[in-house]
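Colleague: Before I use the labels on this model, I would like to know what stands behind each of them.

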Amino acid sequence: MAVKLAILNNKEQIISDVKELVDDGKPVGYMLKNPHRLIIDQPFLVENLDDDKKVQVTLTPWILMTEDEEIVIPGNHVVTIVEPIDSIKQMYSEKIERPIS
């Protein structure tokens, strides 16, 4: 598993340890371990050009009312999976209280 950022069909951004699930050599879904949703807030007014790259990011468990640490989602619910920036990886690592390799 590797920490990745998944963009879902409903536009949610989920950071998680991700494992691709394969059947007959074809990807059919993903196993998400400790998935957290990124909530991104950007200020409406920008006073200088450098401020437009600053955003506030909050991580919250993706499904609040479960004790499950591993959640399977079908592949057709995922638009893409990308490598998160280092600061988001670090924030996720601190949130789940374990180092990311």
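Colleague: Why is the pair R37 and E12 called a salt bridge?

Modeller: A salt bridge is a side-chain nitrogen of Lys or Arg within 4 Å of a carboxyl oxygen of Asp or Glu. In R37 and E12 the closest N and O atoms are 3.8 Å apart, so the pair meets the definition. The two residues link distant parts of the chain, 25 residues apart: R37 lies in strand β3 (residues 26-41) and E12 in the loop between β1 and β2 (13-23). Strands (E, at least two residues) and helices (H or I, at least four) are DSSP runs, numbered from the N terminus.

This is a predicted model, where local features need pLDDT of at least 70 and side-chain atom pairs count only at pLDDT 80 or more, while totals for chains, interfaces and linings use all residues. Residues are numbered from 1 along each chain as its sequence is written, and side-chain values use heavy atoms, with hydrogens and water left out.

Colleague: What makes K4, E83 and K89 a network?

Modeller: Salt bridges link them. The side chains of K4 and E83 meet at 2.6 Å, N to O. K4 sits in strand β1 (residues 2-8) and E83 in the loop between β6 (78-82) and α1 (86-96), 79 residues apart. K89 also forms a salt bridge with E83, with the closest N and O atoms 2.4 Å apart.

Colleague: Why does K89 count as buried?

Modeller: Buried means under 20% relative accessible area, exposed over 50%, and partly exposed in between (1.4 Å probe, protein chains only). K89 has 17% relative accessibility, so K89 counts as buried. K4, at 24%, is therefore partly exposed, and E83, at 44%, is partly exposed as well.

Colleague: What makes E67, D68, E69 and E70 a negative surface patch?

Modeller: Asp and Glu count as negative and Lys and Arg as positive; His and the chain ends are not counted. Patches are made of residues with over 30% relative accessible area and no salt bridge, like charges being joined within 9 Å and nonpolar side chains (Val, Leu, Ile, Met, Phe, Trp, Tyr) within 5 Å. The place of a charge is taken as NZ of Lys, CZ of Arg, CG of Asp or CD of Glu. E67, D68, E69 and E70 form such a patch.

Colleague: Is E67 buried or exposed?

Modeller: E67 has 80% relative accessibility, so E67 counts as exposed. E67 lies in the loop between β4 (56-61) and β5 (70-74).

Methods:
Areas by Shrake-Rupley, 256 points an atom, 1.4 Å probe, with all protein chains shown as cover.
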